[in-house]
Amino acid sequence: MATTTKNALMLLLLAALPLAALSSRAGPSAHKSHGHGHGPRHGHPPPPSPLPPPPAAAPPPAAAALVRATCNSTAYPDLCVSALGADPSSATADLRGLSAIAVSAAAANASGGAAAAAALANGTAPEGTAAQAPPSADAAVQALLRTCAAKYGQARDALGAARDSIAAQDYDFASVHVSAAAEYPQVCRALFWRQRPGQYPAELAAREEALRQLCSVANDIIALLSNSS
């Protein structure tokens, strides 16, 4: 009886052994498959799209075209563009505004000429600059230089009167004042030529020529303004 019971238990153990082995083999596989079902999510999100390129530069304003067209009608177009472009208000100016800017540029030159001549007369011009009195400057030369300073001052004042005439839309008088301003420095040169030939300072000679050209530009623009009014 005991032997029979023992044999029965052995049979039960042998029958159960394959099921246990099968369960032990299937367990990891099932766990592995479960792991694949809940795998890691994707990494960082894709980088943002690059910013769009900046818009293209706007075309030149109409005022710039007006400056170029106006200057092309003068005797010195490049000087005209440079003089007008140096004033920011030229970007919004009409033809009358451009004429006033041109007159102001000439007035600035005249004012600089007056200061340079006065510095030469007083011996205060910095060494090594173009605005130096001749080495042999004497009392007569200093007197001539003071006269030159006065003449450039008169040119500056005449150009101020020209601006006032433009504002009053009196373009004929504006042109007369500008022409007078160009002539005042010529008196300075003529006095040097008569009394001290060869001693006319190079600085004043350069300013005289620049003022002549600037006055020419201003008068050309005033003429356009007068014809268009």
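Axes are lines fitted to C-alpha atoms, for helices over the stretch in contact, and angles between N-to-C directions run from 0 to 180 degrees. This is a predicted model, in which local features need pLDDT of at least 70, side-chain atom pairs count only at pLDDT 80 or more, and totals for chains, interfaces and linings use all residues. Residues are numbered from 1 along each chain as its sequence is written, and side-chain values use heavy atoms, with hydrogens and water left out.

**Exercise 1.** Determine how helix 4 packs against helix 7.

*Solution.* Step 1: identify the helices, which are DSSP runs of H or I with at least four residues, numbered from the N terminus. Helix 4 covers residues 95-122 and helix 7 covers residues 202-228.
Step 1: their axes lie 9 Å apart, at an angle of about 160 degrees. Helix 4 is therefore roughly antiparallel to helix 7, a term for angles over 145 degrees.
Step 2: the crossing of helix 4 and helix 7 is left-handed, that is, the near helix is turned anticlockwise from the far one by less than a right angle.
Step 3: the residues of this contact divide into 21 nonpolar, 5 polar and 3 charged. Ala, Val, Leu, Ile, Met, Phe, Trp, Tyr, Cys and Pro count as nonpolar, Asp, Glu, Lys and Arg as charged, and the others, Gly among them, as polar.

**Exercise 2.** Describe the packing of helix 4 with helix 5.

*Solution.* Step 1: helix 5 spans residues 139-167, and its axis comes within 8 Å of that of helix 4, crossing at roughly 165 degrees. Helix 4 is thus roughly antiparallel to helix 5.
Step 1: helix 4 and helix 5 cross in a left-handed manner.
Step 2: their contact has 19 nonpolar, 6 polar and 4 charged residues.

**Exercise 3.** Locate glutamine 169 and comment on its phi.

*Solution.* Step 1: glutamine 169 lies in the loop between helix 5 and helix 6 (171-195).
Step 1: phi of glutamine 169 is near 60 degrees, a positive value in a residue other than glycine.

How values were computed:
Helices (H or I, at least four residues) and strands (E, at least two) are DSSP runs, numbered from the N terminus. Angles under 35 degrees count as roughly parallel, over 145 as roughly antiparallel, 65 to 115 as roughly perpendicular and the rest as oblique.
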